[in-house]
Amino acid sequence: MENTLTVSHLTKTYKDFTLDDVSFQVPRGSICGLIGENGAGKTTAISAMLNIITPDSGDIRILDMDYREDEKKIKQRVGVVLDELNQIPHLYCKDIDTIMKKIYSSWDSRLFFQYLEKFKLPQKKKVKELSKGMNVKLNFAVALSHNAEFLILDEATSGLDPVMRDDILQLLQEFVLDENHSVLLSTHITSDLDKIADYIIFMHEGNIQFIKSKEDIENNYGVLQCRNDFFEALSPDDYCAYIKEEYSVKVLVHHKQELLRHFQDLVIERASIEDIMLFYIKGVII
Ligand SMILES: Nc1ncnc2c1ncn2[C@@H]1O[C@H](COP(=O)(O)OP(=O)(O)OP(=O)(O)O)[C@@H](O)[C@H]1O
């Protein structure tokens, strides 16, 4: 199995929105970041994978199984953390263990209580008494305590303080040290993906705008701020998007080493995932 997740030609139409023939993969052993503006279709795609909504067409395979036919088997092997809170409000944190033991065949109580301690979650607090961030941490403790091979995280880290977010990012990196483990992480905090993602899947208005490896972004992409006359002298092959400003042009280049060979004094800044996203949404794409 090369890919943990394969989404093929996924289409879902709502009144004012179409998720339009979307295809992408999560390679085994990788962390993939799913990014896109509000309403781009990220949650729609994730809801289809989890069989929460029924797509109009398309195939989804998770861990080499069909997402509908094999839903029960898949859910045993997948950990999910969504933006919304999905634990039962009147339960004590420790009672979650009793319930999850019945749901997951490979539930690990010892590991769950270790996570409660690590995340400073009091066993004797009710779920409804937890803050939003504490609730997110509880969902992570559940997702990580049943030997899941694949984590699907939809805006899961947005309610966490920077220190806890950093701890979770580290946990995710440790999780994929096992090459059978993979993560799909939808987030607006693109700096998190600069730190840990192997691939970036960028959705825009219901379509896949691009899929790139972080290595490709780091090695080949860059941001050049230049004067209009210099920009006019460039070949369109030298860049993939640009934004005209009052006295200069911001250019997204995708073969920066080649450009630097021709223009040795050129200053090309590192392109962050946020920079690239802004070029594709606000700029002119070549
Ligand atoms: N049940 C529904 N009925 C009608 N439209 C819907 C429904 N669910 C989602 N949509 C629409 O689908 C579009 C995509 O929504 P979705 O939640 O997938 O976006 P998103 O990329 O996750 O956005 P965000 O970053 O804001 O969470 C939006 O225009 C939304 O209004």
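**First stop: helix α4**

Select residues 109-118, helix α4, and colour F112, Y115 and L116: these are its buried residues. They sit on the same side of α4 because they cover an arc of only 105 degrees around the axis, taken from the directions from the helix axis to the C-beta atoms. Buried here means 20 or more other C-beta atoms within 10 Å of the residue's own, exposed means 12 or fewer, and partly exposed is in between, with C-beta atoms placed from the backbone. Helices (H or I, at least four residues) and strands (E, at least two) are DSSP runs, numbered from the N terminus.

This is a predicted model: local features need pLDDT of at least 70 and side-chain atom pairs count only at pLDDT 80 or more, while totals for chains, interfaces and linings use all residues. Residues are numbered from 1 along each chain as its sequence is written.

Now show α3 (93-103) and α5 (132-143), which the buried residues of α4 pack against; a contact is two C-beta atoms, placed from the backbone, within 7 Å. Following α4 is K120, with a positive phi near 55 degrees.

**Next stop: the ligand**

Select the residues around the ligand, among them Y14, D16, N38 and K42, each with its C-beta atom, placed from the backbone, within 6 Å of it. Helix α1 (residues 42-49) gives the largest share of this shell, three residues.

**Zoom out**

The whole chain has eleven helices and 15 strands, and its C-alpha trace spans about 70 × 40 × 35 Å along its principal axes.
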